[in-house]
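Hello,

Here is the structure I said I would pass on. My notes on it follow below.

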Amino acid sequence: MIDLALATILLPVLGAVLIALAPQPAAKSICRFFAGLALLSVLYLAYGFAAGGKVATERAFITLGDVEIVGFAVDTVSVLVAVAVVAIGFLVAIYSGGYFDVGNREHADIGRRRFWAFLLVFIGAMAGLVFTSTLVGQLVFFEITGACSWALIGYYEKPKALASALKALIITHIASIGLYVAASVLFLDTGTFSLSAIAQLPTGAKTVVMLAILVAAWGKSAQLPFHMWLPDAMEAPTPVSAYLHAASMVKVGVYIFARALMSSGGTPEIVGWVGTIMAVVTLVYGFVMYLPQADLKRLLAYSTITQLAYIFLGLSLSVFGSDLAFKGAIAHIFNHAFAKTLFFLIAGSLSYTAGTRMLPVLRGILAKSPVIGIGFTVAALAITGVPPFSGFFSKFAIFAGGFRVADAHPALMILVVVALLESVGSFAWFLKWVGWSVPGKPSETMAAAAPLPASMRLVLIVLIVMAVCSSFVATAWLG
Amino acid sequence: MSGFQIVNGLAGLLIVTSLLVIIARRPTRSAMFYALQSLVLVGVFVTLAGTVGSHELYAWAATSFVTKVVLVPVMMVRMFGRLDDPKLGSGERISPAVSVLLAAVVVVLCFAVVSGVALPAVAAIKPALAVSLAHFFLGLAAIVTQRNILKQVFGYCLMENGSHLTLALLAAKAPELVEVGIATDAVFAVVIMAVLATQIHRTFGTLDADQLTTLKG
Amino acid sequence: MVSSILPLLLLAVPLAAAVAVAVAPSGPTSSKFVEIVHVASISAVGVLALLVVGRTMAGDDVTALGNWLYVDPLAAIFVSLIGIVGFLTGLYALGYVRHEVAHGELTPAKHKIFYGFFNLFVFTMLLAVTSNNIVMMWVAVEATTLGSAFLVGLYGKRSSLEAAWKYVIICTVGVAFGLYGTILTFSNGAEVLAAPGGAIYWTTLAANAKLLDPTLVKIAFVFVLIGFGTKAGLFPMHAWLPDAHSEAPSPVSALLSGVLLKCALFVIIRYHVITMQAVGPEFSQSLLLTLGFLSVAVSAFLVYVQHDLKRKLAYHSVEHLGLIVLGLGIGGPLGIGAALLHAINHSFCKALLFCGSGNVLIKYGTRDLKSVKGLLRVAPVSGLLMMAGALALAGFPPFNIFVSEFLIFSAGVQEGHWGLMIVTALLFTITVAALIHIVSGSVLGKAPDTMVKGDVGPSMLVPMAGLLVLVLVMGVAVPQPVSRLIQQATAVVIGGDRTVPLAAPWQHPAPVAEIVAPARAEPRS
């Protein structure tokens, strides 16, 4: 079981090494092949795990003396998230094969080896982060994903892209000091880095560890006050934005917080308060920032910030005793990953075909390209949580859980209501853009759009399906 | 007059000679004063050796005489004699009068510091010990206040003489190999500095430390 | 303690090589001979160093020449650093110097001078870390300055001569403070010990430190810290370091930064041990903590504003030496162990980057980061190595700096220096930015059109790859022998019994982790 997890981590890294050694034209195929192998590995793992009755397993991997430095754990949550990140990684690899092409209207670039290699390393590191069972392991993969993100944001090597890449790296690195603190305190108090030891900490130390992890999580998940790197990171090639800055890397934050909550055996309420309040503040901020955006990618970036805030909200509410909110948050990680990837890839497809991502000039998408048009609509509805699309179910669980715990804590009620209002507001705002861009007669830009390559079209279709069904998968899996 | 009093008296002479080394206008003249100072130092060693009955110190005196009174000054005169920088002038950052004043301040401070040391063996030679410490810092001051790079070499030599004297005063019975090691090292240091100074003089055409400004930041 | 011929051999080999090179006739035919002598010497030093270390780790401290030479686990760490980094940079030097001679940067006569002094330099460093005689220790450190001064000034240009002059003056003056501290320690010991002659030996002093006069011990430590701290490049005595590191030929820069600074650090640690034994840990630890933190704080900003690749790297050395000293100042088994580990890690990583800077110089003829663009496209392997080195130095996993930085951080938290550690971590973020600037500005990007593509030869890339492997291995899993060596060396510093495991946090008998799976005994990776 653990061996399959290891294979999922190491296969992409092996592929990256091969790409470094191979000539440029082979890079694309190697990347797709190894991403596919990783996906098979993780699917097989999920199958075996489910068939074996979902028994959680854990094993030390690197030890120093008696201390487990890095270990891996397979349980319901890690398997679910791993399937999402690896599967989306594979889809993005397929999509990128079409996207990096001289036919691309926005960036005619053939896809240098660097892109494929870092993409693979990222898939591996992301799988590692999901499966690791120690704080040091989380820290290690946290930093590796950060380095990959830096390399991929700066891929086009324009000064602005490089500056954004650096900004992202530095901000998340500063936030990572939280993990340093958490790992140190945990280690010094219990003599181990294992996440499961958080439960044994005395209340004071536990509060410190949880808050420190929360700080690191904010950094990676672009929550206030560490949010500014994410909109700038949109300088990255769009498949990268889709994968790193919507589906996976930004989920590192919420994921490590979720794992800490799972292992803590009862978290002090102060952590819940801090988490809830900051989540709602971020929600409101993100919503306000929707309004001036004309660039689809930047709009999506702010939407990502708010959706991650929902996840933080759900996780923080679970501190007050709502298991439903926790499950909702985990399901939202899964659902949002597919829906937001779809939305970003739609943006990428518009760039590819029409050469721009500026919403005001994009009209009548459906008439020109039905796939993009449908994808646009489905993604928007899924993100804003309209039934029967995926986002509805997870958000519903978060709110339901929130209202339940608010009975005992009236102050929470205000926060949950604010969040609910935001949800309605963002639905209206996205509906406005759907109405503007999707139906009607193609605008001049859209009319001149090029056809979409088959590989990209295929990925969009898969994701449209997932945007509808992912919630059922998640609900069935989490039980 | 006891041996220790002679030691203290000679130590005072050391301060005078080191001021002469610093103030002298030409490096060759400084070299001669340095030889003179080293001779005084040898005198201190011999007196101390007689007073405390240390055979090792006689050996020190002999090696010091060979290296510091003869070898190093001769090398300096020969190597520095060829180097000249008329534009530099005296190369002093502060006037000789200020130098003397500074030296006085240093000596007073060092007396204050040494008075705190409680080792019984040094009770009789505290003035000399203070001088040795002062000597060390005088050398440092020379390096800081002189722009002429050759004078900076002398500054190092003064520091080295100061520590040498401290060693003799505090640990008269140290194995002579220790002393030989220190002396040899000093000789090599002076040789290497002289070679570098010669190369700098050839390349830059100056001996002014303030002209060495290529590297910044 | 066992007497052994090994340390003597270890010292004799590079010295003999230096002499052999010096007496070799100059001329084109002898350059082959010189190179052969050099390679034989550095290989033999590498092997002998590892043999000595192996001997030490078996549980016996090795002595030679009576008590004059002494290798305990603490010294063994530094001996092995000199052996390994000396070997790899020495190999790298072959290709580098050949290129410089072929392109007229160095005259054929300088070829001989380079190898002669290179071996002499290695000899003096080995002498510094193996001597038990504290005066000889000082002599050796002073000799390292003298031995490397000509290497720094090798190019004979205005800037290199200036750097050499500053190097010699500042370091000899600094080390004169070290001499004063040495003399004070020695006389202090000679006064109180039954056999005054024993005061010359570090082992005797350390064993009898309780007898020493506390005031003199403190004064001596201050002198030693200023003196050898100058040589170790600590703020505010670091002024020579960026000049010397940037002007020296790149393999020498690698050796200066990777090893020489650590030799001076080693001497400081030796006196730190005596001081801790004599007057308790607070005095020297607080001094080290202050100096270390200041070094980190000041150099973090200086690193950032530099545009000269080698000067940037040089300021990084100030910063990392500061971090090591900070770790020593934090103290405790974890702090000291982490500091020693960081000393090793920084050596490998910095040697790699300085060698990389040599490749940059060869390809571009300049160290100005504003002119160096697109290394990855011009010289792909060098570019990759530089990129990995920069990420490693910035403290990213899976490279080694990450591990020791994390441990120092933990040690600081453990001792309650919360604020200090967080500020330090933030300061290191500045240098992350500085290193990323190197990568994004110079390794990546579009190469100037005039650049000829093609990498430097394998003779220079292979040693660098060797260093990268070390960086990776130390980053992924510190090998058992190394961690044992560090543990023993930590015991030397703390003055504990080496055979009993220290109460370091990683030696808690039973980890509290609940491992669900029975298959725990996974072999270490």
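Predicted model: local features only at pLDDT ≥ 70, side-chain atom pairs only at ≥ 80, totals over all residues.

**Nonpolar patch on chain B**

The patch lies on the surface and consists of L36(B), L39(B), F65(B), V66(B), V70(B), L71(B) and V74(B), which together have about 570 Å² of accessible area. Helix 3 of chain B gives the most, with five residues.

One of the patch residues is V74(B), which sits in helix 3 of chain B. V74(B) counts as partly exposed because its relative accessibility is 45%, and that class runs between 20% and 50%.

**Transmembrane annotation on chain B**

An unreviewed UniProt entry assigns the feature "transmembrane region" to residues 6-24, 31-51, 57-77, 98-122 and 128-146 of chain B. Two of these stretches can be compared with the model. Residues 6-24 of chain B are 95% helix and 0% strand, with the end C-alpha atoms 27 Å apart. For residues 128-146 of chain B, the chain is 95% helix and 0% strand, and 26 Å separates the end C-alpha atoms.

**One residue in chain C**

V39(C) is part of helix 2 of chain C, which spans residues 28-57. With a relative accessibility of 25%, V39(C) is classed as partly exposed. Between V39(C) and K310(C) there are 271 residues in sequence, while the C-alpha to C-alpha distance is 26 Å.

Regards

How values were computed. Residues numbered from 1 in each chain as written. Chains lettered and ligands numbered in written order. Heavy atoms only, no water. Helix = DSSP H or I, 4+ residues; strand = E, 2+ residues; numbered from the N terminus. Buried < 20%, exposed > 50% of the residue type's maximum accessible area, 1.4 Å probe, protein only. UniProt positions renumbered as here; feature names shortened; annotations may be inferred. Patch = residues over 30% accessible without salt bridge, like charges linked within 9 Å, V, L, I, M, F, W, Y side chains within 5 Å. Areas by Shrake-Rupley, 256 points an atom, 1.4 Å probe, with all protein chains shown as cover. Salt bridge = Lys/Arg side-chain N within 4 Å of Asp/Glu carboxyl O.
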